[in-house]
Amino acid sequence: MKRAKKQIFHDYIAKHGLKSTRQRDIILDAFLSTDRHLSIEELYLKLRAKHPNIGYATVYRTLKLFAESGIAREMQFGDGQTRYEHVTEGEHHDHLVCTGCGAIIEFENEAIEKLQDDVAAAHDFVITTHKLELYGLCAACRK
Ligand SMILES: [Zn+2]
Ligand SMILES: [Zn+2]
């Protein structure tokens, strides 16, 4: 899976006449080996300890490239931070977002997916994509 994503990214880089750089590869490795839903800041801080020569702007631009190449998706969860999550072909999930601690929980629910299709069909509408975000407090934050 990780290899496939690297391949997709390298193909994209080559196709667009960009050079593949060591810094981009380091950022790609770091991104692929983290949790999902990482902000630019979080990835930058994670890299900084080991790779102090990689600047924030480079991380920013590289994440944008990941999104353009299709291996990452930009998400906003209402806290003003752009987050990047891993994209896996054919996979879909929605999110529960804790407004207390910022935890992001992924879920898949077939009944909800089906209901969305029913709603669309009732309006003679074809859904091409959707995102569902439910905001609230996680168990730890309610204590
Ligand atoms: Zn919480
Ligand atoms: Zn997600």
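Helix α4 covers residues 56–69, which makes 14 residues. From its first C-alpha to its last it reaches 20 Å, close to the 20 Å expected at 1.5 Å a residue. The model is predicted.

Which residues of α4 are buried? They are Thr-58, Val-59, Thr-62, Leu-63, Leu-65, Phe-66 and Ser-69. These residues cover an arc of only 155° around the axis, so they lie on the same side of α4. Buried here means under 20% relative accessible area; exposed means over 50%. The face turned away from the buried side carries the exposed residues Arg-61 and Glu-68.

After α4 comes Gly-70. The phi of Gly-70 is positive, near 95°.

**An open sheet**

Now to a sheet. Three strands form it, in the order β5-β4-β6. The sheet is open, and its pairing is mixed. Strands β5 (104–107) and β6 (133–136) stand at the edges. Each has a single partner strand, so one side of each is left without a neighbour in the sheet. Neighbouring strands of this sheet are turned by 20° against each other on average, with direction ignored.

How do β4 and β6 pair, in the parallel or the antiparallel sense? Strand β4 (residues 94–98) pairs with β6 in the parallel sense, over four bridges. His-95 has its bridge partner in β6: Glu-133.

Definitions and conventions. Residues are numbered from 1 along each chain as its sequence is written. Chains are lettered from A and ligands numbered from 1 in the order in which they are written. This is a predicted model: local features need pLDDT of at least 70, side-chain atom pairs count only at pLDDT 80 or more; totals for chains, interfaces and linings use all residues. Side-chain values use heavy atoms; hydrogens and water are left out. Two strands pair if DSSP finds at least two bridges between them. Helices (H or I, at least four residues) and strands (E, at least two) are DSSP runs, numbered from the N terminus. Axes are lines fitted to C-alpha atoms, for helices over the stretch in contact, and angles run from 0 to 180 degrees between N-to-C directions. The expected span of a helix is 1.5 Å times one less than its number of residues. Buried means under 20% relative accessible area, exposed over 50%, partly exposed in between (1.4 Å probe, protein chains only). The arc is that of the directions from the helix axis to the C-beta atoms.
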